[in-house]
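Trainee: I've got a new structure open and I'd like to learn how to read it. Can we go through it together?

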Amino acid sequence: MKFKCFSCFLCDKEQSQIQNGKEKKKRDYPWEIYTLKELLRATNNFHQDNKIGEGGFGSVYWGRTSKGVEIAVKRLKTMTAKAEMEFAVEVEVLGRVRHKNLLGLRGFYAGGEERLIVYDYMPNHSLLNHLHGQLATDSLLDWPRRMSIAIGAAEGLVYLHHEANPHIIHRDIKASNVLLDSEFEAKVADFGFAKLIPEGVSHLTTRVKGTLGYLAPEYAMWGKVSESCDVYSFGILLLEIVSSKKPIEKLPGGVKRDIVQWVTPHFQKGNITHIADSKLKGRFDLEQLKRVIMIAIRCTDNSPEKRPSMVEVVEWLKGGLGRRKKEIPNSTHTNGDGEIRRTQSKLKIPSDDDGLKIR
Ligand SMILES: Nc1ncnc2c1ncn2[C@@H]1O[C@H](COP(=O)(O)OP(=O)(O)OP(=O)(O)O)[C@@H](O)[C@H]1O
Ligand SMILES: [Mg+2]
């Protein structure tokens, strides 16, 4: 993959096809190259009222194309070499992947200083908005929705890790990167940080990117990246989905506590209902909640080798929803203080009267 002249490469390709006079028929890539004029028109010149949100790399605007299709346009901030790289990775990676749980790329514009990425518009915005943002008070995420979002996001990751060729590590799994379509189906977004893994390579060492609170320890400390870093982030996301707690909370006095440190004592004491989001008002399936927490604890194991694969995670999540008592294998777990605790031998899915003891 050549990142440096990525946009030039595309422009050359487009140019030759236009010269052939068969631009539409001959296109062999699944996205469109938009004109700046069309995107300015669609977003009302990137009007403030059209702005949906802002991230580390730019702002996102709602728009409607001349064909009446709703789109989301990410306008990257000023073009540094780093941002150019992000743009190239995002377009390259997104152009390759197609899955019901991954946010589809519609196209892009690259010219002068402007880099615009065009996505399908997701009317229910991001999981972040529903868990902690403007939409949180609407309580639109009931228990079945939360569970199907968890499974959908996990399935998107299974595709990236195991089915895409080469395999893709997302590296920035978090609530704002899980978008929700009109049916509240999860779409994993933002592959700008993605790392393509050549066949036969088990991990890569790289500069740390991603978001605090979701970073696997071996990645945060040594930049060691593998699929299991995404599994760790997904574990944090699972806890966030069921509890609506943020991955890191600032306690009075300025001490920071991560969500695993918060969940673990409640879980060990069997105080499960305390973990569930109070906005659910008790309307959740206790068995499923226990199972999700156990899965999350496995995913956030400090040792990457002990974390499950996303294939296992999907299987366990679905097993819980089918109410089959599928076993989650035994594991040890190191907590944030370096103390090792052992999860129950053969984590059978406990029933309500088992009094859940995970020690
Ligand atoms: N396709 C989309 N449809 C609807 N809303 C979107 C879409 N893409 C992004 N958004 C909204 O725009 C916000 C900003 O997204 P953006 O990816 O720029 O930043 P972020 O995810 O918060 O942080 P980061 O830059 O680290 O990815 C998101 O939280 C989401 O609510
Ligand atoms: Mg994002």
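Trainee: Let's start with strand pairing. In what sense do β4 and β6 pair, and over how many bridges?

Mentor: The general idea is that strands of a sheet pair through backbone hydrogen bonds, either parallel or antiparallel. Keep in mind that this is a predicted model. Here β4 and β6 pair in the antiparallel sense, over five bridges. To see it residue by residue, find Ala 72, which stands opposite Tyr 119 in β6.

Trainee: What does β6 have on its other side, and which residue there stands opposite Tyr 119?

Mentor: That would be β5, residues 105–111, joined to β6 by six bridges and running antiparallel to it. Leu 105 is the residue opposite Tyr 119 there.

Trainee: Is β6 mostly covered or mostly open?

Mentor: Mostly covered: of the seven residues in β6 (114–120), five are buried. For looking at a strand, remember that in a regular one the side chains alternate between the two faces of the sheet.

Trainee: How do I place these strands in the whole sheet, and what is the order?

Mentor: Read across the sheet and you get β1-β5-β6-β4-β3-β2, six strands in an open sheet with mixed pairing. At the edges sit β1 (32–33) and β2, each pairing on one side only. Further in, β3 (58–64) pairs with β4 in the antiparallel sense over seven bridges, and Gly 63 has Ile 71 of β4 as its bridge partner.

Trainee: Now a helix. Which residues of α4 are buried?

Mentor: An α-helix has 3.6 residues a turn, so residues three or four places apart point the same way. In α4, the buried ones are Glu 86, Phe 87, Ala 88, Glu 90, Val 91, Val 93 and Leu 94. The helix covers residues 81–96 and reaches 23 Å from its first C-alpha to its last, close to the 22 Å expected.

Trainee: Last one: which residues come nearest to ligand 1?

Mentor: Of the 23 residues around ligand 1, the nearest are Gly 53, Gly 55, Ala 72, Met 122 and Ser 176. Elements giving two or more residues to this shell are β2 (51–55), β4 (70–76) and α5 (127–131); β2 gives the most, with four. By class, the shell has 11 nonpolar, nine polar and three charged residues. Domain 1 (4–120) and domain 2 (127–354) each supply at least three residues to the shell.

Definitions and conventions: Residues numbered from 1 in each chain as written. Chains lettered and ligands numbered in written order. Predicted model: local features only at pLDDT ≥ 70, side-chain atom pairs only at ≥ 80, totals over all residues. Near = placed C-beta within 6 Å. Nonpolar A, V, L, I, M, F, W, Y, C, P; charged D, E, K, R; others polar. Domains from an automatic or database assignment. Buried ≥ 20, exposed ≤ 12 C-beta atoms within 10 Å, placed from the backbone. Pairing = 2+ DSSP bridges. Expected span 1.5 Å × (residues − 1).
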